[in-house]
Amino acid sequence: MKARLKGFMFLGVILLLVIASGCGGNKGNTSSSTTTNQSTNQLVIGLDNDPPQLDPQKSSAAVDRQVFQSIYNTLVDIDVNGKIVPELATSWKITNGGKVYTFNLRKDVKFQDGTPFNAKAVKFNFDRELDPKSASPRLSEIGSISKVTVLSPYQVQVTLKQPFSPLLSILTDRAGMMLSPTAVKKEGANFSNHPVGTGPYKFVERVKQDHITVKAFKGYWGKKPKIQTIVYHPYADGNVRLTNLTSGNVDLVNTIDYKDIDRVKKNPNLKVDEKDAIGFQGIVLNVHQAPLNNVKIRQAINLAIDRESIAKVIFHNYVTPATSPLPVSSWAHDSSLKQTTADTAAAKKLVQESGLKNVHFTLKIPAGSAQNQQLGQMVQSMLKKVGINVKLEMVEFGTMIQQGTEHNFDAINLGWSGRMDPDGTIYSWFITKGGNNDMGYSNANVDKWLNQARTVSSKQERTQLYHKISQQLWKDAPYISIYYPNDYKAMKKSVQGFQHYPDTMIRPETISLK
Amino acid sequence: MLLYIARRFFLMIVILFLVSIMVFGLINIIPGDPASLMLGQEATPQALASLRQNLGLNDPLYLQYIHWVGGVLQGNLGYSLSDHTPVLNILLSKIPVTLELTIFAFLLAVLIAVPAGIISAVHKGSVWDYVTTVFALSGVSIPAFWLGILLIYLLSLTLGWLPPSGYVAFAQNPVRNIILMIMPSIALGIRLSAQLTRMLRSSLLEVMQSDYIRTGYAKGLLEKAVVFKHALRNAMLPVLTVAGLELSSFLGGAVITETIFAVPGLGQLIVNAILTRDFPVVQGAILFMAFAVVIVNFLVDIAYSLLDPRISLGGASK
Amino acid sequence: MNDILSVNHLSIGFDHSYGHTSVIDDISFNIEKGQTLCIVGESGCGKSLTSLAVMGLLPSGGRIHDGQIVYKGQDISRKSQKELSEIRGKEISMIFQEPMTALNPLHSIGYQVSEVLRVHQKVSKHEAKEKAIEMLRLVGIPSPEKRFAQYPHELSGGMRQRVMIAMALICHPGLLVADEPTTALDVTIQAQILELIQNLKSQFDMALLLITHDLGVVSETADKVVVMYAGQVVEYGDTKELFTEPKHPYTKGLINSIPKMDEDTEVLPTIKGSVPSPDEMPMGCRFVTRCPFAMEICSKIKPPKITDGHEVHCWLYSSEDVKGENPSVDKV
Amino acid sequence: MGEPQLQSETVNRVQINPLRKKRNKSYSKLMKNKLAVCGGIFVVLLVVLAVFAPLLAPFDPTKQNYGQILKPPSATHWFGTDTLGRDLLSRIIFGAQVSLKAGLISVGIALTIGIPLGMISGYFRGFWDEFIIMRVTDAMLAFPSLVLALTLAAVLGPSLNHAMIAIGLVFTPYFIRLARGEVLAQREREYVSAARASGLRNFSIMMRHVFPNILGPLIVQATLNVASAIIAEASLSYLGLGTQPPTPSWGAMLAEGQGYISQAPWISIFPGLFIFLAVISINVFGDGIHDWLDPKLK
């Protein structure tokens, strides 16, 4: 009896196996049709990293913003040419010599949780960002604001400590994103897991390291989005990201590896959209840490690096070698700095002049990125030629950023996505004790010029100031600029209406699928 | 029977206790202050002090352990350092994924190993036996990550049969879920299937030499009946035990497999948590894995005693 | 012919990577319906192998080089495994030396006994169970209904051997091969089992091929005896005749080594030496190294078969005059 | 069973044994011996590669050549070049150093800790054995070894040395168990009683009598664990927690090449192939030693 029963159990297991395998086989065929036929109501976007934060006021990774763009609106936005245009604010007035900004707000806007959007909400958001206790990375961007006043239900006034010309430009980014005050109060620190904004899409769910889903928000004030659901998938590995695009699982990726650009261009089902980006990439040097506290060593590093080789070998010439943090796409770029190849002899001499023996430091590079690892190894090899030994250490990106903020490093391979205004691109990086000044760099002249460039309104004057800054940074070399990335978005040919903004952020409400 | 189970159960509790001590110790007894380990070397003294207070690090070690175990028993595994989500919630969202992967891979392994082991044992010395031996040898020697890469290169990039990686929940799209699970299951299952094949082969060869197999032939049973009705069950017993013991390295394999194929399960969670030094998550995930291994082995022992009538008597197992 | 089994000129050897060794050399005997034939000899002389050959169950590497095994007029040595499986358990059954290991530990007694029925006869499960219980009762297992569901480890050695017998006889075979069925059992049980076999043999009217080294058993049970030495038959004949008038020195030695109740000997005579291994077989008579009467020719030429009353293979009884000197045979 | 036509002729004369029926029963054993020899040869080859790497490698394994990136295998670069124009063959040759070093040192650590503990535990038995050492090894074995090694390596910080320590610790319980089991079997043997009766002290009995007798299985286990340790090191390096660049480690090379699998598959195929070959040949070699030492199989 018992034996028989066990026999059946055994048989059952075998049967199950057969069914399972059979199903697998059958479904293999039907699948391709389901995926390609996938409703035109869903857009799958592949991101290059899992966004660490869904709270714009806490965010410190550029990839977060790709998702914010669908959940939140900003007070003002840019158009495809980088010109400031209205969004939640219909109009604004700058008075008092650039010290007072008065915004008139849209009256038909509701947050996704039903909370009405008004002047009070704007004040709430600014106050939260400005509150030192919330330790918002935004504080450094809008620290010039002294107070925010509600003039009427739909009119808000922002008063600055001193004139600050990049403000509007900054408000097109996370600092200008409006969060639902109700949700923030309710969720507290957990807001990041249940974000609520006024944007065209509403947060649905998130599985860490797997996906974030947003759905079209019915009560959206603006033009109704064409696509109902957007799923963001993080694929840190560029190869995985690309193969998911090629095989049709993903409709659009926010970036592709440079090595793959040629291949995607040749693929009949895909297209690549490119735009000069506004950021810079390079190496942060901790100027308080030996041997990098020695300016000669930093200068030697600056000279020892063959930026053209890096651009060619790792990026297949799809990036531009960099000598300053202000990219060629910016009006503030200083083209007089031309040292893009290595001057090994000069670098060696500098190392000798420093008087240091056995010069070595650790370079932290983000784990999981082949490009960054190659860059690290190329830098390692180039510096070895001039007598500087580099130890490479792979660190997870989030940890690396954290260690950067804590100045817990010798050197890290870190860049910046950049801002529309040159001030946004470099101020927080190079001003003494700036929010992104992981180097610990401090130069009185640079501080002075950076602040002047904020207050003067003449573009020509500002350009001159930024050129001086660029040249001073080259001399002091707290940060080794290596290249300016360009932005390459790859998508299926069926993706229509994609608009490539200079800030490289995907605005999904304009997209449709054919 | 009951006595046997009780004895095994007691043993399991002892092991679980030791496992918990080790998991606790891994983070707490290593040189250095856990708080500064968690916060990084240049954390502010206030932050360190408050974290120490929160973690109860000022208590003596045994008290800390008691607090921790008390929490664990109530389902409180602490909070992730990255976003303060309860570790238990994170685990609960990842476990089904890994469970699915391991079940698929295990079924695949059995599906390959049972026929292969039988054929090679029954036809010892034949070409089939040779092929199986080579398969088994290669299977236990091939690094999972290389196999994964080769599979992606071959089945996805070259032939375009399968998507290279990713995961879709079964509830969301069962068809796609299974398609995406094929390659990870192969990459994970091959090693186990090779081990099971080897074991089943040698176990079956030994059993086929026993007297009762000769009795089976003397009764007039055909080879098929002898193998399936008499040899296989006896040969499966040691294989079952080893399969249980292999679970832990099987879960280890899941770590690599999930990383390669971007399957958001426990393995990927552990790797990410380790790389981001999110130690509460690491602690929780490891604790879960070890508990799973211990409990499964306990169940295997029980199953063994059900399958082998010799153990049912008394409690004196051989 | 009344023979149920006749073995003709059977030779068995083992294959190795380096050649092969002959183990059974040209043996012949036959069993009539309902008769008992015993094969006796020291261990290692090929008794068990012969019995296994009859079942078609030679161990790994062994094969029949020559000769026939004829059962009811059919040469079963030429049959395929599939054909043999229809004979085994139904026509010819076998019980083994080791009851402790001959039963599958994972199946119940009942399963293993009724399995034979289910293989050979189209019977319902219920019927198979009834017949199996009946058979278990017949072999003297108390409360067989209860035992039916028990597992081998719950039974004593004697009980297990009874189960083996039940399994062997449930299909009423024409021939039962019993390979030292009592050797592994307690002395007190041995007689019971032998008696059981004897009783069932007459009840079922079957022939019995009994392998043993116990001459006492032989004299009580056998109709005919085959004495084997080192893979060869040395003497073969009716039990009574062979016991009263043994011819071959080996047989004599065996019989002398039986303790006798009526004699008062201090030391039991033994045969000196041991069976030579297959690799070092003497060229002539294989017993020559231990034979007290060995002659020169014995070590050179295989002794002839002499049928005088019963069959014996020994130069001592050769009519040729070989006693004095070397015959006209060249050295090989 | 349908016999092939060719054999049916012989079936008439030859009784095929139903238990094991193929004529070439020594075929697989012979094959095994041959495999073991092949394995041994490759192991020796690996050792030679590792020891004489500087002489054998055609190029400096860390020398980057930006004019020669991602070149497929050719006469100059037998295995092609990687993303930075380094010669892959040279990197693989130097990678053998890392792999063998990792395999031997981590197993060495496991042996040094595991054997004494296991022997003492098995020889003296009692509370420490039953309730501490054995249960602790049980508990350790409950952890997936790779996960445990990963965690240890992460806690210690990523480097080859730490990876070796982590792997060694993780492998220790296997040797404790094996040594204990073997000692348990040996201590019942007569020679141990005899030694004890002749007044030898426990330590001497263990060292002079028991240890040589349990050496065989330990050697086999150690050999097989070297293979596992090579995979473990490669796995850790693959995940970035083992050997750090630019030192060429097969696992790290594989991770580097993974991104280029469609453009330059050789970067990931060759290092993987060498891990595979090294592991399989050590395994086969270990099996060979096992068969050679096991009297049952002779």
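The exercises below, each with a worked solution, concern a predicted model.

**Exercise 1.** Determine the strand order of the open four-stranded sheet in chain A, and identify which strands are its edge strands.

*Solution.* Begin with the order, which reads 4-5-7-6 in chain A, with antiparallel pairing in this open sheet of four strands. Next, look for strands that pair on one side only: these are strand 4, residues 89-95, and strand 6, residues 145-152, of chain A, and they form the edges. Finally, the twist from one strand to the next averages 20°.

**Exercise 2.** Describe how strand 4 of chain A pairs with strand 5, and find the bridge partner of A:Trp92.

*Solution.* Strand 5 spans residues 100-105 of chain A, and its pairing with strand 4 is antiparallel, extending over six bridges. Within strand 5, the residue that partners A:Trp92 in a bridge is A:Phe103.

**Exercise 3.** Characterise the contact between chains D and A, and then the annotated domain of chain D.

*Solution.* The contact draws 17 residues from chain D and 20 residues from chain A. On the chain D side, these residues divide into eight nonpolar, eight polar and one charged. Turning to the annotation, an unreviewed UniProt entry places "domain: ABC transmembrane type-1" at residues 96-286 of chain D. Over that range chain D is 84% helix and 0% strand, with its end C-alpha atoms 19 Å apart.

Note on methods
Residues numbered from 1 in each chain as written. Chains lettered and ligands numbered in written order. Predicted model: local features only at pLDDT ≥ 70, side-chain atom pairs only at ≥ 80, totals over all residues. UniProt positions renumbered as here; feature names shortened; annotations may be inferred. Helix = DSSP H or I, 4+ residues; strand = E, 2+ residues; numbered from the N terminus. Contact = placed C-beta atoms within 7 Å. Nonpolar A, V, L, I, M, F, W, Y, C, P; charged D, E, K, R; others polar. Pairing = 2+ DSSP bridges. Axes fitted to C-alpha atoms, helices over the stretch in contact; angles between N-to-C directions.
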